Amino acid sequence: MKKFGIFVIKPDALNEQDLRIIKEGLTSRGFSCDLCFRLKNYCDVMQKYRETDIKFKNKENAEAEIKGCGVALSAYRQLFGSSEGIVMLIPLRKESFKEFYDRADVAKREIRQQIEEKRGYCYAYVDYLTNPHLTKMTLGEYSILKNKDKTNINKAYINGIHLEDYECLENNFCLNFMVENGIISKGNKIDLDSLLDGFQDEDERIY
């Protein structure tokens, strides 16, 4: 039986620059980008996914984990509302889940770093402990503030791409969730190259 892994392209990366970084980063590591599916209302789906995922893992600190995921998604709700994302279904080569995950995790980290460097800015919660508010700032500004107060400023995870956790990959959890919730389906299939070809300029949104 063929095995698959899952990447999710987040709403902030649905622009030409970031999508090209993602495609080139994945293909350079030997991943196929041919199986892509529209993820309608990214925030609602990913909240349900993360809550189900945490319960599946049966973590002792499940309540804290769910709260943390809610904080991460709140930034996307503020910035992108009900925007869409993309689910990428990646076939494994003749390799174990561990071998695949190790390659995929390196690709994810490289892609996130390139996206951040190309953007030159990030979003962070300032006054995190007392009155957190989401602020856009340059990477230099963030570095200065973080060095001054490591606990009261935290970068929001507006970083373009998500890789399922290893435990989920090993148990086909993410794949089953996306199929059962109608996301991975013929009706949602989209072509990444066609999306890239459709841009008139680098600032145009896909949807």
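Me: What do buried, exposed and partly exposed mean here, and is R50 buried or exposed?
Reply: Buried means under 20% relative accessible area, exposed means over 50%, and partly exposed lies in between (1.4 Å probe, protein chains only). This is a predicted model, where local features need pLDDT of at least 70, side-chain atom pairs count only at pLDDT 80 or more, and totals for chains, interfaces and linings use all residues. Residues are numbered from 1 along each chain as its sequence is written, and side-chain values use heavy atoms, with hydrogens and water left out. R50 has a relative accessible area of 17%, so R50 is buried.

Me: How many salt bridges does a search of the whole structure find?
Reply: A salt bridge is a side-chain nitrogen of Lys or Arg within 4 Å of a carboxyl oxygen of Asp or Glu. Searching the whole structure gives a total of 14.

Me: How many residues apart are D165 and R50, which meet in a salt bridge?
Reply: Their side chains meet at 3.6 Å, N to O. D165 sits in the loop between β7 (161-163) and α6 (166-170), and R50 in helix α2 (residues 42-57). Helices (H or I, at least four residues) and strands (E, at least two) are DSSP runs, numbered from the N terminus. The pair links distant parts of the chain, and the separation is 115 residues.

Me: Which residue forms a salt bridge with D102?
Reply: The closest N and O atoms are 2.8 Å apart. Both residues lie in helix α4 (residues 97-119), 4 residues apart, so about one helical turn separates them. The partner of D102 is K98.
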